[in-house]
Each structure stands twice: as structure tokens, then as C-alpha cells.
There are 2 protein chains.
Amino acid sequence: MTKRTLLALAALALPFPLLAQHDPAAIQQKALGDDTAYGIVEDLTTEIGPRLAGTEREAAARAWAVERLKAMGFSNVRIEPFDMKTWVRGIETAEITGPFTGKMHISALGNSASTGDTGLEAEVVYFRTLADLQAAPAGSLRGKIAFVSHKMTRTQNGASYGQFGGVRRAGPSLAAQKGAAAIVIRSVGTDYHRNPHTGGTNFPEGVTPIPAAAISIPDAENLERMIARAAKKGEAVKMKLVLTPRQIGTTQSGNVIAEVPGSDPNAGMILVGGHLDSWDLGTGAIDDGAGVAISAAAAKLIMDAGTPKRTIRVVWFGAEEVGLFGGIAYAKKHGAAGHALAMESDFGADRIWQVDFKLPDGTDDLKTRIANALAPLGIGRSNQPAGGGPDVGPTVALGVNAIDLQQDGTDYFDLHHTPDDTLDKIDPKKLQQNVAAWATVLSIVANDPADLLPKGKAGD
Amino acid sequence: MTKRTLLALAALALPFPLLAQHDPAAIQQKALGDDTAYGIVEDLTTEIGPRLAGTEREAAARAWAVERLKAMGFSNVRIEPFDMKTWVRGIETAEITGPFTGKMHISALGNSASTGDTGLEAEVVYFRTLADLQAAPAGSLRGKIAFVSHKMTRTQNGASYGQFGGVRRAGPSLAAQKGAAAIVIRSVGTDYHRNPHTGGTNFPEGVTPIPAAAISIPDAENLERMIARAAKKGEAVKMKLVLTPRQIGTTQSGNVIAEVPGSDPNAGMILVGGHLDSWDLGTGAIDDGAGVAISAAAAKLIMDAGTPKRTIRVVWFGAEEVGLFGGIAYAKKHGAAGHALAMESDFGADRIWQVDFKLPDGTDDLKTRIANALAPLGIGRSNQPAGGGPDVGPTVALGVNAIDLQQDGTDYFDLHHTPDDTLDKIDPKKLQQNVAAWATVLSIVANDPADLLPKGKAGD
């Protein structure tokens, strides 16, 4: 090799911005062998673990995230803090005290009131559905524990969560308004393990919160059997509840932001992400360690392939689980301006099976190119509009475009908000399929000439 | 119909002992539609629930069992009590205190010592296998918590439990002898849920018991990752353990016995059963509610078909989990005399896939008839000798014949000794296949002319 050749080679390594060489097929192939995303989830779940919104653990996760995103080579890594009202878990036990016996596996719902340290013992009143609770006469639950069951079943697109999640979201305030001393629900889930599913509930202004908790599905079915047997003898089942969660006032949360700067500031940026906070029972692997990992790993693949036309902004949102606080704070601060597209990953780590679009008129060719590029991953195109997900939802609602890469949710509610949301539930190959799909979409949209800037609410 | 015909028909209904009409194929068919066994497990798990050996709950189960077996029509229903030393669970928590954080799902092993109410905080020392712990230098664990992992995998015949169960059975006494302050093991199981697997351990005479507990498999794998990461920085992982079980001294347990009297007292009886006690974390559905239900439901089918030649004795043994105390007490009291055969069900509620024999020479035709009659249930014949199971084992060891109807154990160690051992894990159709196999064997052996009486140790 001559000295001149060596100098020429050295010149190629100079830190000039590379011209984008974004071959979607090549990036997709690279993603299928890339373990960046798995490494992020593994490190986050092992070194940080559960990270309830507004707590010191979520703050530790943010500090970890800043270091990690910087180490990955992203630009403009920063935290955008916001304040929130924070609820934390206490002791939680439940025991049947008559006419049968037995301990139930229970978990308080977010915003549950406390029973006090000495607990609460009361008769259990059974409702098959939320509608049955709604039909109960006013005052009929005074001094009693309402128990609301349901028949949630698994669905690929997670649609059943809309219906049956209502038991958790609305059940407690309904029971409180009917005078109940407390409410216990069948976990909103599809598994059969002694792992209760937590999740947020809300007591509207003027409704005094009551203790509210979920029991595991095996426990719920056992309780139903106990109630039926006791009723035959004209008796009621009694339960002793001890739940000592508390509201700790205003604390700080925040969104962690990192960027792959694009070559054309006028083309609008692509907002991608998931949420960094997690419920406190598991280690937040599928909800939503996977989502932050997928979005960042895909953005890094684009960065490594050379400067894209559009900036890619990765946001790891704070405080999603307890009220979408991070997504709301982001939309309030940044508005729609300058956002060409928003995408979010927050439905586990199973394979992506479908792509949905919310893109302006005149982008049929772009959609077709995306769908064709995703087809080798087994992903089909849908006719339903993209929604964007809970964190980017407030931004999308301002008129920003969205593409949803729908994950298979068939098994998602086996794990959702349970102690079982741990690293071992993630199949590295499926996670790579997610990253490959994301990187494919980003490689196309980040360099596309289409005008994707929001046109205000009229263009929504 | 003439009056004479009516009288003749009425005479047929008189309560004379019916001659046995034991058509194995007909009984098998009836069993496949019989829900007696499921009813027993459902009632036992709902109305009694967990029933730890030697406790008031096991006594409640015995009282329930006597009523149930009488109501089913069995004769000579009685309890044979015995004394035992009893251990009960207390509080149990485990938390990583450095350099990472996180709560672990933990359960004390039977006979574990207490840490005291204030607990114990110490460095964790990791061993990949029991052999690695065994190789640790004497005194090297002083003041530390030994953590022993393993790689148990699922097997159809449960053979892996022999190898990997050693971590639970022998690990604690080994760690104690090496000066460890406590021991934590990876649960001896094959699932990936946050449900620890309890089970008995033993500290031989002269070895002072230490706190000993199992963490769930997701927790064990997370702890391994934490230890590896801490080691890279030259640090050790620290754990805070609170375990407050205690020995409560001598209490009473007992075996519950019920019989289908045979027409020929000299033909020897058939001993069948399972164990009534259960570990305290689940409700004892598959271990061993299923076993007591299968054996009694099969015996009832024979009783309902008419008096058999041989007496069938159903024994629901006490205190199996904590040291086979019921089986040992039974063998001590009754010896081998008068027992033609022993059979036990104590490996869950999955399908029976294989039959093993331990029968005297000259019974090849009997074995072939049994195997042929089981073949329609998908059960194959093996060449390995029957062992009889843990409860009837002490009796079989005295020279009594045995037939094993082997249940498929592929998923058994997902549930074994965990909170997840609940009714919903039982497939009613599979339970019926078990009862059908049992009733088939009983219908043949209970009426067979072969001499099956024990000939002393020489005939063993």
C-alpha cells in the first residue's frame, strides 16, 4: 500500500458528516443481528429495577438514561423536568376471615387510600361486572368491601383492555360513591398466576378515595367460589384488608431527550420513544423497558448509517403509568411545530404484526414503500388510522403525523403491571424484529422528500 | 306389566351385596364422564385451602375428609393419628441493599431457622451448583449468605428433581457446616414466575440450622446478573433477609382411612391414596388434592359397580411434605401383611402416560391384561419396576406389590410447592383420564384370582 493510499483512507475516517446511505433493506438486516436493545433492557432492569413515577428510583433511572444515551453517541442529551403528585405503595395483605380461610395475593391500585395500619375487616359484596356495580342502589355498599370481577380474555391487538380495564379505572370511584369501605377487583389480566396486576385508578374531585386493590386471578376465582358456597348457607364472606399506601405530595419527574441531528432543520423531526417509568411490582422489562430500548436502538442504527435528512428525537418519557404526565408535559412545552412524525413503543416486546398510518394526503407512495419494506418481517398493512400511543398521544392530538408498529399483545396481559414483568419474558429474537421494523420505517421517513410538517388542527 | 314382574323387579333392588360386575372397559368409559374427583379437589381447595402438616388447617382437612368419605359411601372411615414435630412459616422478605436495589420474592424452606425480627444483612456468595458449594473451603462462608443456583430443566418423568432437588435438600446443611449465616437457593422449579418454590430441608443432628430460603427463578437470574456486574467493579452484592419461621413443638397429624370392603378377606387388600397435607403457599390442588381425589374417585367407581373380591383401602396420608411421616406411621402400624397391592397418586393432575409394574413372578398375563386395558387411554407399558410413591413407599419396602400410573410431569415443576398450586391448574378432562386409568387397574386387580399376598422380604 502506498503512502498516498493510506492518506486517502485516513481522509475517509475524518469526522465530516457522512452522506446518508440509508438502504432500508440493509439497515433491517443489520437490526436483526443487533443486540443493542436487549442490552438496554438488561442493564435497566438489573441496575435500576422498578422505577415508580416521581420516586427516587425514577430519578435514578433518568440519571442512568442520560449516561447511557450519551455513551451511545446521541446529541443534545438532556432532562426536561416536571413536577407531579406522587403516590407510593405500603404494606398490602388480604385474608379471608369467614366462613372460610386463606390469604389472597393483593396489590393496591395507584391512588388507593390507606386502610390504616390496623386494617379493615368487612363483608364482601360480589359484582360480576362493572355494570352490575353501577346498578347497585346508592348506599347499599355502606361499610362493605365491593368485589368486582370480569371476564377479560386475550386479544392480539389488546382491544379487551379498553372494556375490562374500566373495572380498574372506574370501579373504585363508583364503589366510593356508593359508600363502600373498600374495593377489591379481579386483576385486569389474562394469566393464571398468583401475581396481582396493579395499575392506576382515579377518584374525581369530590369523591373521597377508598382503599382499592386487585387480587390475582386464581384468588379472584377462589373468592367467587367461596362467596357462592357461603351464600348457599345464607352467609357472607368476610375479608381483612391491610393496605397502607400514601400520597407523598409533589415530587419531580422528567422526560429524557436525545437526538440524532438531521441535515435539514426545515424538514421536521421524527419523535420516537417509550416511557422510562414503570410500575413497582416487576422490573419494568416489557412495560416499558422494551419500548425505550427499541426506539433508541433503531435511532442508533440510523445514526450509525450516516446523517439523516430529518432529525430523530428520542424521548424516554417520565410518569406515564400514573397519568401520562410526561407526554402531557412534552406536548405542552414543545407543541406540534417542527414535528414531522411521532412513533411510540409501549405494548411489550412481542413481534410486530401490523403497521397503521396517520399521514397526510398525497403520501400513498410513501406508505406503500414502508409497507413493502416491512413485509419481509411478516408485518401486514392495516386500514385503521395510527394513534401514536399514550406518551406521544398529546402531541399527535395537536396534528402531528403518526405511524404505529403494532406489537402482538396476545400474551401481554399475562404480564402487564405484575411482578412477572421481568427480563426473562423478553425473547431477544422478537426484540430484534421490533428494532428491525422501527429502523426500516425510520430509514425511509427520515430521508423522504414529502412535506410532513403539521398544518395545525385543520390538518389533523 | 304384571304384579309378579313388579315384585321380581323390586327384589332386584334389595340391599344384598351385588355380585361384582366389573367390566373394565365399561368402568373406564364411565370414569371419563365422572366429575367426582374434580368435585373433591374443588371443595378441598375452596373450603379448606392450604393445610400444612401438623397445623390446625391439616386437622380441619382431616375432619372435612372424614365427612366427605362417609358421604361418598365408604366403610370404616376413620383417622389414625400420630405425633410430629411441626414447623410454621413467619414473615419473609428479601431485599438487595447494594450496590443495586430490589425486592426479591422469597419463601423459607421447611425447617429453616429464623433470622430474628430485625433480620440479617450480609454479603452474598454465589455458587453455580451444589457441587461448587461443597467445594468451598471450610469457614469461607462465615457471616455470609450462600446463594446456590442450578439449571433444572423440565422432564416428562420428573427425573430432574432427583438431581436438582439436592440443592434444597442438602444445600442448607452444607452451607451451615461451612459457617454461612444463611442460604438462599434458586427455586427448584421450571417456571419463570415470581413465585418461589418452598419445600423441606434438613439439618442433621449436630448441625445448627441456619435461615434457608428459595427465591423465584426470575429473581435468581437477576441476582446472578447483579453479582456478575458488581464483581466487575470489585464489589459484592449485599442482601437483607427477614425470615421468622419457627418450630412449634409436637402436634398431631394423622392418616384418614376409608374402605370398600371386599368379598374375600383372604385375597388381600389394595391400598390406594395420596396425601392430604399440602405446602402452605398454594391451595394444594395438584400437590396433592388431585391425588386424594383420583384415588377415592376410582375406588368409588369400583364400589358403585358392586362388591369387589379384594378390599380397597383408601388412605389420605398426613404430613407427607415435611418428612413422609404419614406413610412411615402407616407402615409401622400395619406392616405388609394383608396387602395385595399399593398404588399412589402424587405427581400432579396431568395425563397418565405410562404404567410400571412390581408384581410377583407368574403374573405376566395379569400385567398384559392391565396394559391392554390401559392402551385406549394412551398409556404405554414400561420395563421399569414400580416404586409406589412417597406415602406407600415404606409399605412397598416391606414387600408389598406396586403398580405406578405415571403422570406426565413436564409442567409439574412449574407449580410444585408454589403459590400457583391452585384449582385452575387442573384440567378436568385430564383428571378424568387419571381416574379412568386408576379405575381400570382397580377393576382388574380387585377381582383377579392371582395370589398377590406378600411373602416377606424374600418375595420383595
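The questions and answers below go through selected features of this predicted model.

Residues are numbered from 1 along each chain as its sequence is written, and chains are lettered from A in the order in which they are written. In this predicted model local features need pLDDT of at least 70, side-chain atom pairs count only at pLDDT 80 or more, and totals for chains, interfaces and linings use all residues, while side-chain values use heavy atoms, without hydrogens and water.

Me: What rotation superposes chain B on chain A?
Reply: Two copies of a chain are related by a rotation about an axis and a shift along it. Copies are superposed by least squares on the C-alpha atoms of residues with pLDDT of at least 70 in both. Here the shift along the axis is 0.0 Å and the RMSD 0.0 Å, with a rotation of 180°. The two copies are thus related as by a two-fold rotation axis.

Me: Which residues of chain A does the UniProt annotation "domain: Peptidase M28" cover?
Reply: The annotation comes from an unreviewed UniProt entry; positions are in the numbering used here, feature names are shortened, and annotations may be inferred rather than shown by experiment. The annotation covers residues 255-440.

Me: Is helix α3 of chain B largely enclosed or exposed?
Reply: Buried means under 20% relative accessible area, exposed over 50%, and partly exposed in between (1.4 Å probe, protein chains only). The buried residues of α3(B), among them I40(B), V41(B) and L44(B), pack against α9 (217-232) of chain A together with α4 (56-71), α10 (285-305), β12 (312-317) and α15 (428-445) of chain B, with contact meaning heavy atoms within 4.5 Å. Since 10 of the 13 residues of α3(B) are buried, the helix is largely enclosed by the rest of the structure.

Me: Which strand pairs with β8 (residues 212-215) of chain A in the parallel sense?
Reply: Two strands pair if DSSP finds at least two bridges between them. Strand β4 (residues 106-108) of chain A pairs with β8(A) in the antiparallel sense over three bridges, and S107(A) stands opposite A214(A). The parallel pairing has four bridges, and in it I183(A) stands opposite A212(A). The parallel partner is β7 (residues 182-186) of chain A.

Me: What handedness has the β-α-β unit of β14(B), α12(B) and β15(B)?
Reply: Strands β14 (residues 352-358) and β15 (residues 380-385) of chain B run parallel and are joined by three bridges. A crossover is right-handed if, with the strands pointing away from the viewer, the path from the first strand over the helix to the second runs clockwise. With helix α12 (residues 364-374) of chain B, the unit is right-handed.

Me: Where does the cis residue pair D287(B) to D288(B) lie, judged by D288(B)?
Reply: Most peptide bonds are trans. The bond from D287(B) to D288(B) is cis, with omega near 10°. D288(B) lies in helix α10 of chain B.

Me: Is A319(A) buried or exposed?
Reply: The phi of A319(A) is near 55°, a positive value in a residue other than glycine. A319(A) lies in the loop between β12 (312-317) and α11 (325-334) of chain A. With a relative accessible area of 0%, A319(A) is buried.

Terms used
Helix = DSSP H or I, 4+ residues; strand = E, 2+ residues; numbered from the N terminus.
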